[in-house]
Amino acid sequence: MSLMSTLQAQPPSRAEVLRGGLRPERDCYDVHYYDLSLNVDIDNKSIAGVCVIHFKALKNFQSMQIDLFANMEIDAMRLNDEEVSFSRDFDAVFILSKKTIPAGSYGKLIVNYHGKPIEAKNAPWDGGFVWKKDSAGKPWVGVACQGTGASLWWPCKDQQSDEPDSMRVACTVPNGLRFVSNGKETAVVPLPDGKSTYEWKVSYPINNYNVTLNIGDYVHWHDVHLCADNDSLDLDYYVLRENFDKAKSHFEQVKPMLSCYETYLGKYPFQRDGYALVETAYLGMEHQGAIAYGNKYKTGYSGMDRSGQKLSFDYIIIHETGHEWWGNSVTSADIADMWIHESFCTYSEAIYVECMHGYDTAMTYVNALKNTVVNSKPMIGTYGLNREGHYDMYVKGMLFLNTLRHVVNNDELWWPMIKNMSDTTFKYRITNYDEVVSFFNEKTGQNLSPIFDQYVRNAGLPVLEYSIKKSKKKMCLKYRWNTNVAQFNMPVEISSDKKRTRLFPTSEWQNIQLTGQPEFDDQHFYYSRKKIE
C-alpha cells in the first residue's frame, strides 16, 4: 500500500511507459490465440518454453512489441516462418519484420526462450514463482503475477486491453507430479525420460495475469453443480495428497456460493471450461477457471473473522470466485481501472452474505472494516503507466457500491442492473471508467457521474457539513456538501423521533425542522461529517 502511494507521486519512467502504454508497436495488432509450451526444471528453478502468438494485423506495420522480462533469455524468434531480428528496451521486446505486415492479415510469432523467472518473496502481493515443498518433501510450484505482469514468465502482449480469444498451455513435469492450468485438461502424454506433458486448453478470453502454472503431488476429484437452468457445471478440485479429506468437506461451500452468485450476477461465465480450485502455497489468486486456494481450510481470512459476526465461510473461496465475474469476465482495459475488478468483487462478498444470511447481516459485513479505509489516494490509478489505484479499492469500493445501492433506493432496479452488468452488457468485455459510469447513468436514469468522480477519482470522502440549533420544541438542522466535485448532490438519510427522512444536500446550505435529535445513517451511506458550530 505504501509502495503504490509512492509510485503515484513519481514521474513516469521509460519502463513504465513501455509496460503500460498502447504505443504504435502494440496497437497495430490484436492477439487472438496463445500456444504456450513449457518445460520446468524444478531443481534449478528455471523454465524453457515456446510461445506461439497468433495475431491479426490492425494496420500496416513492420515493427511490433511483445513483453518478456529482461532476466529471461530469448533464444530464437520467427515471424510468419521467417527468422526476425529483435531488440530489447527494459522488459519490452521489439521485433522488426523484413517486410510490411498488411492490415487485416493474420500472423504468427514464435518465441523460444528460457531462464530463471523472478521468485516471489511474498506472493500474491508481489509477483513471481513460488518454489515450495509439501510435507512429504515433494515439489510444490506456483506463480502469481497480477500487477507485476505475466511477462515475468512467458512472452506476451502484456497489456490488459488485449485478451486472446482462447489459449493452450502445456507443461512437462517429472512423473509423480501433476501440472494444473486454466481451462480443461485435454491430454497427458507420457515421455520416455520419466516425465509427462500435461496439456490444458482455455476456450474463452483470458487475462494474461490469470494464466497459471501449478505443479505438485495433487489429488483430483470431480463434482457437478446443477445450475438454475438445469445445465451442469463441472467442478474440479486439485489439492495436496495430505489434505484430501479436509478439502472434501471444506469445499462443500462451493455449490451454495455458486447458486448465490448465479442469482445475483448471472450464470458462471466460463461454463465450458468449468470451475476449479487448486491448492497453492500462497493465500490466493483469481486465476480463471483454476482459482489459487491457500487459506489452509480455515474460515474467514487466514482464520480471522474480520466481520466480527462469526460467519463460517472461507473468505478466499468467496472472494476469488467473485473475480470470475469481476475481473476475469468483466475486465478493465488498463490496470488504472483495477478498482472495477476489486470494488465489485469485494462487493460480491456482501452479496454472498446477504444471500446466505440476510440483509442486516450483510450491512454489518459491509461496514465491519470501515476503519481500515485511509482515504489518502484515489481508487483509480494512472492510465498508460501500469499504475493501479490505492488499496482502498477493496473495502472503500464495497462501501461505495453499497452507498450507490441506497442512493438508487430501489432494489427492483439495482439487482437486475448489477446482473445485467456482469451477465450481459460487460460479459467477456474490456471496459473502463467512462463506460461503467455511463452504464449506471443510463440504467438508473440519474446523473451519478459526480458521485463516481468523488469516490473513485478523488481521495477524500464527501463531507457533510451541518449545524443543529434548538428552538423551543424543535430543532433546525442546517446542512450542505463540501466536496471536490462540482454539482455533487448525493442524498443521505437521517432519523428523528423514529421518523426516517431523506435529505438532498447540495453545495448550498439547506435546513429542515426536526422534532428530535437527528441520527445520521452511516450504515447505508458512506461519507464524512463535520459539525459547524
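R272 lies over the face of Y204, 4.0 Å from the ring centre. K478 lies over the face of W509, at 5.1 Å from the ring centre. A charge counts as over a ring if NZ of Lys or CZ of Arg is within 6 Å of the ring centre and within 35 degrees of the ring normal. The model is predicted: local features need pLDDT of at least 70, side-chain atom pairs count only at pLDDT 80 or more, and totals for chains, interfaces and linings use all residues. Residues are numbered from 1 along each chain as its sequence is written, and side-chain values use heavy atoms, with hydrogens and water left out.

**Aromatic pairs**

- The whole structure has 43 aromatic pairs (Phe, Tyr or six-membered Trp ring centres within 6.5 Å).
- Y29 and F55 pair edge-to-face (planes over 60 degrees apart), at 5.6 Å centre to centre and 70 degrees between the planes.
- This pair links strand β1 (residues 29–41), holding Y29, to strand β2 (residues 46–57), holding F55; the two residues are 26 residues apart.
- Y347 sits in helix α7 (residues 338–357) and W414 in helix α10 (residues 411–425), 67 residues apart.
- Y347 and W414 are both buried.

- The largest cavity holds about 180 Å³ of space.
- Its lining has 17 residues (an atom within 4 Å of a point); R19, D158, Q159, Q160 and N386 are the closest to its centre.

Conventions
1 Å grid on protein atoms, 1.4 Å probe; cavity = no way out; pocket = protein on both sides within 12 Å on 5 of 7 lines; lining within 4 Å. Points joined across faces, edges and corners; volume = space filled by probe spheres on them. Phe/Tyr/Trp six-rings, centres within 6.5 Å; stacked < 30°, edge-to-face > 60°. Helix = DSSP H or I, 4+ residues; strand = E, 2+ residues; numbered from the N terminus. Buried < 20%, exposed > 50% of the residue type's maximum accessible area, 1.4 Å probe, protein only.
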